[in-house]
Amino acid sequence: MFGNQSSQPPPFGTVHPGDDSDIQVQRPRDAARKHLWQESRLLVRDLIFALMVLALAMVFIVQPVKVEGTSMLPYLHDGERIFVNKLIYYDDYGWAPKVYRGDIVVFWFPEDPSKSYIKRVMGLPGDTVELRDGHVSVNGRELDEAYLDPHLNMSHASRPPTYVKPGYYFVMGDNRDNSSDSRIWGLVPKKYVYGNALFRYWPLGTATVMTRDTNNTTVPPGANYRRDGTNVPEPDDR
């Protein structure tokens, strides 16, 4: 007598989805799948954006560099990895950072630009650098080089004064007895310097921000070099 009626109760108590066309039936499994897909798309989008920002930073701002050799002992060791700040390449502009005496810089080797070296800046454009019994003097004043290890600087060599012409730097390794630097092959063109040491990130136990040596801020400026740090070209360079 009741064969035409379903024995199953309505899914929502006394209300059946067919009773009202405006009633929406939510299936939790389908909703979760749709939500997961939307979140995955957002995650991929954010990841692509982050990789693009990282790529731009690697090209224009920072670059990882591996230290090879022992010329910068004891401050830097063979195999360590550091980030260098590439913005100094644009230091002709007012917003870019400058290269200062005591900075550790990375540059293309002047005699073979396919190689890169890492050294410490000793002489700025216009300076006169001289070695007396193993001690470095800039513009007539001896530098205070507390970062050196005396056991790695036993030669006590002397060299005649070198004038650092505009657009160049005089660089040296901290391991003076085992460093190929401006004492041997001359000055580094400014255009070859592409970064200064910013942060040591490997090994993790030695991770640290690499700050500039500030023991020699009272060295008098050299010829053609103002105290505000701007370069004054010689008449022949105008």
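Predicted model: local features only at pLDDT ≥ 70, side-chain atom pairs only at ≥ 80, totals over all residues.
Asn175 is buried, with a relative accessible area of 2%. Setting aside neighbours up to four places away in sequence, Asn175 contacts Thr70, Ser71, Met72, Leu73, Leu152 and Asn153.

Asp174 is buried, at a relative accessible area of 0%. Asp174 forms a salt bridge with Arg120, and the closest N and O atoms are 2.7 Å apart. The two come from distant parts of the chain: Arg120 belongs to strand S4 (residues 112-123), Asp174 to the loop between strand S9 (168-172) and helix H2 (182-185), and 54 residues separate them. Arg120 has 3% relative accessibility. The cut-off for buried is under 20%, so Arg120 counts as buried.

Arg176 forms a salt bridge with Glu145, with 2.5 Å between the closest N and O atoms. Glu145 lies in the loop between strand S7 (141-142) and strand S8 (159-163), and Arg176 in the loop between S9 and H2, so this pair ties together parts 31 residues apart in sequence. Glu145 is buried at 12% relative accessibility. Arg176 is buried as well, at 7%.

These pairs belong to a wider set. The structure holds eight salt bridges. Another of them joins Arg212 to Asp103, whose closest N and O atoms are 2.8 Å apart. Arg212 lies in the segment after strand S12 (208-209), while Asp103 is in the loop between strand S2 (81-85) and strand S3 (104-109), so the bridge ties together parts 109 residues apart in sequence. Arg212 is partly exposed, at 37% relative accessibility. Asp103 is buried, at 4%.

The largest nonpolar core has 13 residues. Those with the most contacts inside it are Met122, Val129, Val136, Val138, Leu143, Phe170 and Met172. Strand S5 (128-132), strand S6 (135-138) and S9 each supply at least two residues of this core. Take Val138 as an example. Beyond its neighbours within four places in sequence, Val138 is in contact with Arg101, Met122, Asp127, Thr128, Val129, Leu143 and Val219. Met122, Val129 and Leu143 are also among the core residues with the most contacts.

S5 and S6 lead on to a sheet. Four strands form an open sheet in the order S7-S6-S5-S8, with antiparallel pairing. S7 and S8 stand at the edges, each with a single partner strand, so one side of each is left without a neighbour in the sheet. S5 and S6 pair in the antiparallel sense over four bridges. Along this pairing, Glu130 stands opposite Ser137 in S6.

The last stop is Pro110. Pro110 is found in the loop between S3 and S4. Pro110 counts as partly exposed, at 23% relative accessibility. What does Pro110 touch, not counting residues up to four places away in sequence? The list is Trp185, Leu187, Val188, Pro189 and Tyr192. Tyr192 is 82 residues away from Pro110 along the chain, but their C-alpha atoms are separated by 7.4 Å.

Technical notes. Residues numbered from 1 in each chain as written. Heavy atoms only, no water. Salt bridge = Lys/Arg side-chain N within 4 Å of Asp/Glu carboxyl O. Buried < 20%, exposed > 50% of the residue type's maximum accessible area, 1.4 Å probe, protein only. Core = buried A, V, L, I, M, F, W, Y, C linked by side-chain atoms within 4.5 Å. Contact = heavy atoms within 4.5 Å. Pairing = 2+ DSSP bridges.
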